[in-house]
Amino acid sequence: MSEKIKPEKSEILSQEWTFTVSVSNIGSKEKVVMAGNIAELGEWDYKKVVLLNHVEDTNIWTKTIIIPNTCDVFYRYAICIINEETKDIIVRRWEANIQPRVIKENMLHPVTDTFGEYGGKQNICRGWLTSQSLVQFKFNNNPLKLKSRFVGRLINIKVTPVKLSFGAEPQIEDSSLSTDTADVEIPVGVFVEIATLDNDPTICNLQPQEQFGREYKPNDIMIVNVLAPNPKSLAYLIDFYSYSTRASVEEPPCHIGYTYVLPNMFKPSEGSMELPVTCNVKHRPLGTIQFEYLIVSPMEDSLCNMETTYAKHWDPSWTGLEVGHRGLGASFKTKEGNAIRENTIASLKKAAASGADMLEFDVQLSKDMIPVIYHDFHVCISMKRKKEVDFTEMLELPVKDLTLEHLQKLKVYHLVEGRNHETLFFDDDLEEHQPFPTLEDALKKLDEHVGFNIELKWTMELSDGTFELNNPFDMNTYVDKVLEVVLKHAGERRIVLSCFNPDICTMVRNKQNKYPVMFLTVGVSEKYQPYRDPRCLTIPAAVQNAISSDILGIVVHTEDLLRDPTQVKLATDVGLVIFCWGDDNNDKNTIKKLKEMGLHAVIYDKLDKYTTKEVKESIFLVEARESQRELIGLAALEASPRSDSSASASAASAGDSGARRFLDLSQRRELAARSTVTSLESLASSIDIRDDPVDKNLKRNRELIRSIDKESQVKEQRNSFRGLFATCDVDKSKSSPKKSRKDE
């Protein structure tokens, strides 16, 4: 008799899954969407988000989607505006936990989520510019000049976007009109938010503009942000209100005047205006209003997605980080200088080998718009070939007037060398010691485990009205060029972007959603001439600007910090990250004191000399190694044979609680013994120092660092773990049985 063959049970490779989320405080035009790692959820592309359906008379949004059962599904929720005509997506708010939500392969039933809350954390981040632009009005330095009868009276300022297309206006009943601008229809997708720089967080954080605007007090700094899909089609009505001296508490303010700003009055990115204020009753001149503005446009290339964001992320363990200033340090400030030229690949590598957690360097654009690493705005050019320098023939030129080819091939001198007629570096034959490496080169050549603090150099207006340099480029173009390189080539590197110009910080924060931004400030100083912008004058002003700009933190001048150490708490108490910079940092005792004060990072010169690290490694390299060990341990535990009871106990203790699982002690020792992760300290020991008795300066510049073969190092590191456990390389589907959706 032929034995009856039982048909094999086929696996269910996909199934329907109902996503449900509870969302409160959502606007009338706003929608709830989701993005995820699978094709059905758009693969994190914000243009391919999935729209959820609203359950009437509830705060519940839901959507049923077919998802694969063969992998974990990661996803996030977001609140968006969808333009019905163009289908453009405007991200208003989105979930910003580092780890997204996950549907594990062994999850069998959906749950109801709460927007922004998961993993025991609540983290919601503001959106970035996808298709819309930001028009920012800045009212400071007492901008209103009105007739004498208004002197001493507080004035409310309100900015209202107005459509410029006429003939299709909606009919408005006379009964709906009032003394304010209720008859002005704000276009769809346009939002107006306002902040006043103040110690009170309720007005310092951006808030929706109220019916009668915001009161402007003497010496206030008031910021009004208008987010609009098409700002060129909008005019802006600026209204002024004041309370009558005889008004009761319940009475609204009186509308006293107004002015209009037309779109053709704006320059492309930044500028200022002084406009007449017209009386609301007699329509005669009432005074003038002066303000500055900033226009932030979205990047042309969509280089951002919704997979993850570090914009407001800083791990609590990242304190007292060591940051190499211009690599190994400034090399032209003092006669001792530094053995390696500042802001070069060699200097950056040497600082990394000395244990730097992050490397700070300056970026600006060449004439052909290539981001290059250099500090000063000017250089000296010799009119003769290399090694035939006549110091009477030096020409000072702005960096922005020279192409990358000019900067890298011509004999270029630092301003100190040119003005003092003294050559300080004889390193023309050493490629990695040459000035003007590109930002892309630095991102590719430096070990990825070393973080970057990239300072965007931009000219600033000083208190006397002069500029450090005439604005070389359009601000939007400048920021776009730098961000394009970072977003394309940064990989997994930890990056912080910073600038002394608060408008650049605003641009960087709004143009991308991945990397954090920090505001550099001089504060109160006897060493440097103050800037004109009041946001730059003190540490408290910098804190308030960081809050209103929704950025990660501030980088303060140590001179001001040592004058009043209590200012550290001004930043940390409101959740800001704080770094410090300055010549005072070049001292071991000062560095120790700053760390004890609670600074998250200290930027200083000669990191190889002043560092107190015993093991010369970046904190991010240490974390990566530990993370890799944990992953191997998890793989070993999951793949090893276990009873069902032990497996379920392990899942309960390690899965649901989110606790980490480690290898046992013997396994960890074996792993440590076999690990080939090369410490950056060992790289430093391989420096080839060549001595030339002919020239002492040559010896000073022959302290070379052998190139770190990062790619082969990482490859060797990965291979060393392979095969350590026989089960690590086994296909998950062939390992010990685990109940999953596909078995249901």
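Colleague: How many of the 6 residues of strand β2 are buried?

Modeller: 5 of them are buried, so β2 (residues 31-36) is largely enclosed by the rest of the structure. Buried means under 20% relative accessible area, exposed over 50%, and partly exposed in between (1.4 Å probe, protein chains only). This is a predicted model, in which local features need pLDDT of at least 70, side-chain atom pairs count only at pLDDT 80 or more, and totals for chains, interfaces and linings use all residues. Residues are numbered from 1 along each chain as its sequence is written, and side-chain values use heavy atoms, leaving out hydrogens and water.

Colleague: What about β3, how does that run next to β2?

Modeller: Antiparallel, with 2 bridges joining β2 to β3 (residues 50-51). Look for Met34 there: its bridge partner in β3 is Val50.

Colleague: Let's zoom out. How many helices and strands does the chain have?

Modeller: The chain has 18 helices and 35 strands. Helices (H or I, at least four residues) and strands (E, at least two) are DSSP runs, numbered from the N terminus.

Colleague: And what share of the residues in the chain is buried?

Modeller: Of the 744 residues in the chain, 51% are buried. If you take the contacts (heavy atoms within 4.5 Å) with a separation of 6 or more, 71% of them are between residues 24 or more positions apart.

Colleague: Where does Val162 sit, and is Val162 buried or exposed?

Modeller: Val162 is in strand β15, and its relative accessibility is 18%, so Val162 counts as buried. Leu164 belongs to the loop between β15 (155-163) and β16 (191-196). Leu164 has a relative accessible area of 31%, so Leu164 is partly exposed.

Colleague: New topic: a sheet. What is the strand order in the open sheet of 3 strands?

Modeller: The order is β28-β27-β29, and the pairing is antiparallel. The edge strands are β28 (394-398) and β29 (412-413), each of which pairs on one side only. Between β27 (residues 378-382) and β28 there are 5 bridges. For His378, the bridge partner in β28 is Pro398.

Colleague: Now a helix. Which residues of α11 are buried?

Modeller: In α11 (residues 588-596), they are Thr590, Ile591 and Leu594. Looking down the axis of α11, you find them within an arc of 100 degrees, so they line one face of the helix. The arc is that of the directions from the helix axis to the C-beta atoms.

Colleague: What do the buried residues of α11 pack against?

Modeller: They pack against α9 (558-563), β34 (577-581), β35 (601-604) and α12 (607-610). On the face of α11 turned away from the buried side, you will see the exposed residues Asn589, Lys592 and Glu596.

Colleague: Last thing. How many salt bridges does the structure hold?

Modeller: It holds 29. A salt bridge is a side-chain nitrogen of Lys or Arg within 4 Å of a carboxyl oxygen of Asp or Glu. One of them pairs Arg92 with Glu30, with the closest N and O atoms 3.4 Å apart. Arg92 is in strand β7 (residues 89-95) and Glu30 in the loop between β1 (14-22) and β2, so this pair ties together parts that are 62 residues apart in sequence. Both Arg92 and Glu30 are buried.

Colleague: And how far apart are N and O in the salt bridge of Lys138 and Asp503?

Modeller: The distance is 2.7 Å. Lys138 lies in strand β13 (residues 133-139) and Asp503 in helix α7 (residues 502-511), so the pair ties together parts 365 residues apart in sequence. Lys138 is buried at 3% relative accessible area, and Asp503 is buried at 6%.

Colleague: Which Arg side chain meets Asp503 in a salt bridge?

Modeller: Arg535 does, at 3.1 Å from N to O. Arg535 has 2% relative accessibility, so Arg535 counts as buried. Salt bridges with shared partners join Lys138, Glu292, Glu461, Asp503, Arg532, Asp533 and Arg535 into one network.

Methods
Pairing = 2+ DSSP bridges.
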